[in-house]
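Dear colleague,

I am handing over the structure that we spoke of, with the sequence and the model placed just below. Please look through it first, and then read the notes that follow.

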Amino acid sequence: MVGRLNLEVFKVPTTPLSQFGMYVMFPIGIMYYFGTNLDSRFVVPDFWPKPENANKVPTDREEIQAELERLRTRRLLNHERRMAAEASRAPPPPQEQHDDSA
């Protein structure tokens with residue numbers, strides 16, 4: 001007598017018809033439960049940004065040039081701010097004192 005593998009998750013009666021029904025109907029039931037009415041149960045409202053709030057990739061040559069100029073201006077402004085902050089934070093260099101009395 002050959003032993004059977006016990007792969008059943010749910011203990012159901014051992015008739016082949018009932019096992020077939022369980023193995024076929026269980027996935028169908030899961031797909032039906034999670035597959036119907038998904039929008040009202042599993043959707044987070046306002047998850048994706050509106051098109052006017054999302055980044056728009058420039059496509060025309062003029063738009064690309066304008067975007068590059070905007071990025072260049074922003075980078076230079078940040079650089080100037082950073083240099084001003086470093087200059088205000090750094091202590092003044094020590095001044096040399098000359099001894100003229102000798």
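What is the mean pLDDT of the protein, and what percentage of its residues reach 70 or more? Please keep in mind throughout that this is a predicted model; its mean pLDDT is 81, and 79% of the residues reach 70 or more. Among the helices, confidence is highest in H3 (residues 61–89), at a mean of 95, and lowest in H2 (residues 38–42), where the mean is 75. Where pLDDT is low, the predicted coordinates should not be read in detail.

As for the overall layout, the secondary structure consists of three helices and zero strands, so that the order of elements from the N terminus on is simply α-α-α. Of the 102 residues in the protein, 2% are buried, and the accessible surface comes to about 10500 Å², with carbon and sulfur atoms accounting for 62% of that area.

Helix H1 covers residues 16–35, which is 20 residues, and the distance from its first C-alpha to its last is 28 Å, close to the 28 Å expected at 1.5 Å a residue. After H1 comes Asn 37, a residue with a positive phi, near 60 degrees. The UniProt record, in an unreviewed entry, places the feature "transmembrane region" at residues 20–38. In the model, that span is 89% helix and 0% strand, and its end C-alpha atoms lie 28 Å apart.

Why does Val 24 count as partly exposed? The reason is its relative accessibility of 31%, because partly exposed covers the values between the 20% under which a residue is buried and the 50% over which a residue is exposed.

Turning to charged side chains, the structure holds four salt bridges, and I describe some of them here. Arg 70 pairs with Glu 67, the closest N and O atoms being 2.6 Å apart, and both residues lie in helix H3, three residues apart, which is about one turn of the helix. Both are partly exposed, since Arg 70 has a relative accessible area of 41% and Glu 67 has a relative accessibility of 28%.

A further salt bridge joins the side chains of Glu 69 and Arg 72, with 2.9 Å from N to O. Glu 69 and Arg 72 are separated by about one helical turn, because they are three residues apart in helix H3. An α-helix has 3.6 residues a turn, so residues three or four places apart point the same way. With relative accessible areas of 42% for Glu 69 and 39% for Arg 72, these two residues are likewise partly exposed.

Asp 46 deserves a separate look, and its place is in the loop between H2 and H3. Although Asp 46 is not a glycine, its phi is positive, at about 55 degrees. Most residues other than glycine have a negative phi, and most peptide bonds are trans. Asp 46 also forms a salt bridge with Lys 50, in which the closest N and O atoms are 3.4 Å apart.

With kind regards

Note on methods: Residues are numbered from 1 along each chain as its sequence is written. This is a predicted model: local features need pLDDT of at least 70, side-chain atom pairs count only at pLDDT 80 or more; totals for chains, interfaces and linings use all residues. Side-chain values use heavy atoms; hydrogens and water are left out. Helices (H or I, at least four residues) and strands (E, at least two) are DSSP runs, numbered from the N terminus. The expected span of a helix is 1.5 Å times one less than its number of residues. Buried means under 20% relative accessible area, exposed over 50%, partly exposed in between (1.4 Å probe, protein chains only). Accessible areas come from the Shrake-Rupley method with a 1.4 Å probe; for residues, only the protein chains shown count as cover. UniProt positions are given in the numbering used here, feature names are shortened, and annotations may be inferred rather than shown by experiment. pLDDT is the predictor's confidence in each residue, from 0 to 100.
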